[in-house]
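User: I would like to learn how to read domain contacts and nonpolar cores in a model. Please take me through one.

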Amino acid sequence: MKAGGGFCPLCPGNENTTPPEVLSYSSNDGHQANRPGWDLRVVPNKYPALVIEGSLNKEGDGLYDRMNGIGAHEVIIETPDHHETFTSLPPERMIKVFLAYRDRLLDLAQDPRFRYVMVFKNFGAAAGASLEHSHSQLIALPILPRMISSEIEGSLSYYKYKERCIFCDIIRQEINQDQRVVAQNDLFVAIVPYAPRSPFEMWILPKRHASSYLAMDNDHFKALTTIFSECMRRLNTCIPNVPYNFVLHGAPLRSQPLDHYHWHFEIMPKLTMIAGFEWGSGFYINPIAPEEAAQFLKEAAI
Amino acid sequence: MKKILLVDDEDSIHLLYREELEEEGYEVHSALSGEEALAQLKIIAPDLVILDINMPGINGIDALRQIKEINPALPVILSSAYQEFKQDLATWASDEYIVKSSNLDELKAAVKKHLA
């Protein structure tokens with residue numbers, strides 16, 4: 001299928017240019033795998049950074065540790081329409097993206113080599129998206145990413161001190177103060193965090209405590225879709241076609257429910273550059289107060 | 001005799017690759033840029049394209065998308081000194097991605113496979 005910028009390997013009709021799909025959803029009963037007619041499909045990365053075959057072979061190298069680059073890298077093709085953005089997906093199709101994340105997490109959790117799956121989306125060249133066709137990705141890793149272990153350790157430390165989940169406390173305070181809430185429904189709240197790393201950064205959190213994304217039921221998937229769609233449309237109204245990334249943070253694979261950790265999405269518009277100071281210090285310079293950003297987003301006409 | 005269009009902005013690559021590929025029995029044509037490759041496509045009608053990525057003007061990935069737009073069935077092997085371009089999903093339009101090396105065995109095997 002012809003695409004705006006030339007040939008697009010993710011478009012329907014070009015299924016032979018991708019590896020065979022590991023998952024697809026279709027409204028058509030007679031849909032055949034790896035053929036057009038899908039609403040969403042998930043394929044392994046054709047040129048993956050990590051390989052799924054082999055064993056980890058963990059070993060020490062002096063004071064360093066090393067292991068083979070084992071993992072899974074998959075691409076979730078969110079729509080057959082090359083020009084359709086994630087933000088513009090109608091709810092009945094956006095929910096399929098969230099369900100696809102769940103289905104792949106469930107499948108990858110069966111592989112004992114993997115400890116964590118990072119689900120992420122890049123939109124816009126500045127945010128790292130190399131192709132216009134709307135897609136997100138996931139990478140299954142044999143180790144816990146440092147940022148996740150840091151969140152888990154920090155939240156455990158808070159829990160030991162307060163015997164409460166820090167994310168639950170954040171949700172309670174933000175709803176009570178209503179200074180940084182962008183949107184909420186019965187089951188989810190969207191906030192600009194107290195110390196955002198980028199202007200218009202948003203977090204979407206389930207109101208009911210849960211450490212794993214996989215704990216959601218159908219009502220939660222519907223409510224997540226509603227609030228996520230609203231937040232993305234508000235962001236797009238404030239800053240049309242802004243490049244962004246979003247990530248899903250949740251408990252490690254196969255972990256027991258954690259009282260101290262709370263899964264959530266983080267949405268990061270790409271409006272500022274991470275340069276030497278930010279990279280070297282871990283500090284971020286944000287010119288827009290979170291309360292102002294939340295106000296802009298809440299007042300955006302959608 | 002099968003025709004290969006070799007696209008790279010470096011003369012040294014053409015010198016090395018042409019000799020080795022001609023020894024394998026292929027007819028090798030050269031293009032020094034993505035623009036030149038697109039112009040030569042219709043004239044030469046190659047059976048396979050070996051395409052560098054990092055080139056001035058149209059880079060290899062943009063050239064790849066345009067080549068596949070013109071002829072989706074034409075095998076294109078991306079040949080780059082860098083692994084990092086593999087993160088660009090647009091490279092999926094290619095039939096193979098070979099990281100450049102002084103040992104051309106992997107490239108020759110890929111050529112043989114896609115011309116079989």
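Analyst: The centres of domain 1 of chain A and domain 2 of chain A are 22 Å apart, taken over C-alpha atoms. This is a predicted model, where local features need pLDDT of at least 70, side-chain atom pairs count only at pLDDT 80 or more, and totals for chains, interfaces and linings use all residues. Residues are numbered from 1 along each chain as its sequence is written, with chains lettered from A and ligands numbered from 1 in the order in which they are written.

User: Where do the domain bounds fall in chain A?

Analyst: Such bounds come from an automatic or database domain assignment. Here domain 1 spans 15-141 and domain 2 spans 146-299.

User: How many residues of the two domains are in contact?

Analyst: Contact requires C-beta atoms, placed from the backbone, within 7 Å. By that test, 27 residues of domain 1 of chain A meet 23 residues of domain 2 of chain A. On the domain 1 side, α1(A) supplies the largest share, 9 residues.

User: Which residues have the most contacts inside the largest nonpolar core?

Analyst: A nonpolar core is a set of buried Ala, Val, Leu, Ile, Met, Phe, Trp, Tyr and Cys residues joined through C-beta atoms within 7 Å; buried means 20 or more other C-beta atoms within 10 Å of the residue's own. The largest core has 99 residues, and Ala190(A), Met202(A), Ile204(A) and Cys231(A) have the most contacts inside it. Both domains of chain A give residues to this core, so it lies between them.

User: What does Ile204(A) touch?

Analyst: Leaving out residues up to four places away in sequence, Ile204(A) touches residues including Phe188(A), Ala190(A), Cys231(A) and His264(A).

Conventions: Helices (H or I, at least four residues) and strands (E, at least two) are DSSP runs, numbered from the N terminus. A residue is buried if 20 or more other C-beta atoms lie within 10 Å of its own, exposed if 12 or fewer, and partly exposed in between; C-beta atoms are placed from the backbone.
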